[in-house]
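Morning, everyone. Please have the sequence and the model open side by side. I'll go through it briskly.

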Amino acid sequence: MTVYAAGVICWREAGEDIEVLLVHREQYDDWAFPKGKQDKGEFLQETAVREVEEEAGVKVRLGRKLDIIQYKVGKGEDKFVSYWASKVSKKAMARSKFKPNKEIAGIEWLSSQEAMKRLSYEHDQKLLSQVIELHKKGELETRALVLLRHAVATPRDQWDGEEAKRPLLPEGQKQAKRLVKLLDAYGPKRLVTSPWTRCKDTVKPYSKYRKRTLILRSQLTELRSALNPKKTKDAVEDLFDQKASALLCSHRPALPTITMTLASRAEGAVKSSILEATTLSPGEFVVMRFSMGKKPRFVDAERVSWTVK
């Protein structure tokens with residue numbers, strides 16, 4: 001049986017260097033990054049956030065997606081561990097509540113070079129090398145921009161009312177509720193959506209959970225994007241100047257204009273990944289990472305499907 005797990009490389013600034021958080025398992029006498037097995041019905045993103053809090057007492061929001069590590073466990077079973085990098089804020093550190101337990105004897109913040117020496121496994125050292133390289137390039141600290149297609153809605157041919165009020169199906173309502181914890185793993189703060197019912201109702205459970213106001217933009221409706229795509233482009237570009245992480249929810253017909261606007265701030269494989277978001281399924285989203293330098297650009301794009309392994 002294949003084993004799936006997830007973990008996080010927690011980091012913080014230390015002058016021109018970074019420090020990372022390691023955990024010590026007394027049972028195995030090893031040092032590693034916080035990680036753990038995926039629970040039934042759980043998304044790996046949720047696993048990663050939960051495991052960091054359980055093992056290290058720190059609440060995080062996911063940053064850049066890192067490599068997936070594969071190795072053998074038990075009786076030759078394959079284990080796949082997905083990792084993200086997350087900057088730990090001073091506020092999160094002040095609220096951290098680590099207590100030694102049966103699994104984790106202690107935690108320690110170490111410089112990148114000290115951590116490289118302390119880590120017990122080569123695959124963790126390779127992950128740390130990836131993080132160090134991203135930091136050197138100025139691409140480790142980013143903010144998220146989540147592009148979400150609304151959840152499953154009533155088919156057009158089964159709805160006689162106003163198009164703007166076409167509702168989600170019961171399946172879509174379940175999707176919207178299920179999205180709450182998954183989106184919360186990334187923690188978008190500025191919630192921008194088409195005002196049409198199926199978009200609002202997709203984001204509403206998350207906005208209610210996080211007590212954040214929905215920002216309605218008529219330019220993101222499929223009608224406005226068809227009649228005046230320049231207005232849609234302008235609404236998307238407004239998000240480039242925001243400092244907070246954001247979520248944008250819209251419709252399939254509007255995605256080509258939206259993705260082309262977003263892709264104008266990316267290059268190479270990242271640009272291609274953003275343009276491919278025109279094929280998002282209902283309830284599916286892509287998390288784009290915007291750099292924090294003088295010339296911000298998208299440096300990564302992580303597509304999040306509904307598959308729970």
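How many aromatic pairs does a search of the whole structure find? It finds 5. Keep in mind that this is a predicted model.

Start with Tyr-186 and Phe-285. They form an edge-to-face pair, with 6.2 Å centre to centre and 90° between the planes. This pair links distant parts of the chain. Tyr-186 is in the loop between α5, residues 170–184, and β9, residues 190–193. Phe-285 belongs to strand β12, and 99 residues separate the two. Buried or exposed? Tyr-186 and Phe-285 are both buried.

Next, Phe-240 and Phe-298. Edge-to-face again: the centres are 6.1 Å apart, and the planes make 65°. This pair also links distant parts of the chain. Phe-240 sits in the loop between α8, residues 229–237, and β11. Phe-298 is in strand β13, 58 residues apart from Phe-240. Both Phe-240 and Phe-298 are buried. Together, Phe-240, Phe-290 and Phe-298 make up one aromatic cluster.

On to the sheet. In what order do its strands run? Read across: β10-β9-β11-β8-β12-β13. That is an open sheet of 6 strands, and the pairing is mixed. Look at the edges. β10, residues 214–216, stands at an edge, and so does β13, residues 298–304. Each has a single partner strand, so one side of each is left without a neighbour in the sheet. On average, neighbouring strands are turned by 20° against each other, direction ignored.

Zoom in on one pairing. Strand β8 covers residues 142–149, and strand β12 covers residues 285–291. They pair in the antiparallel sense over 7 bridges. For a landmark, find Thr-142: it stands opposite Ser-291 in β12.

Which helix lies across β8? That is α9, residues 255–263. It lies across β11, residues 246–250, as well as β12 and β13. Against β8, helix α9 runs at about 165°.

Last stop: charges over rings. Which residue lies over the face of Trp-84? Lys-65 does, at 4.8 Å from the ring centre. And over Trp-31? There we find Arg-118 over the face of the ring, at 4.8 Å from the ring centre.

That's the tour. Over to you for questions.

Definitions and conventions:
Residues numbered from 1 in each chain as written. Predicted model: local features only at pLDDT ≥ 70, side-chain atom pairs only at ≥ 80, totals over all residues. Heavy atoms only, no water. Pairing = 2+ DSSP bridges. Helix = DSSP H or I, 4+ residues; strand = E, 2+ residues; numbered from the N terminus. Axes fitted to C-alpha atoms, helices over the stretch in contact; angles between N-to-C directions. Contact = heavy atoms within 4.5 Å. Phe/Tyr/Trp six-rings, centres within 6.5 Å; stacked < 30°, edge-to-face > 60°. Buried < 20%, exposed > 50% of the residue type's maximum accessible area, 1.4 Å probe, protein only. Lys NZ or Arg CZ within 6 Å of the ring centre and 35° of its normal.
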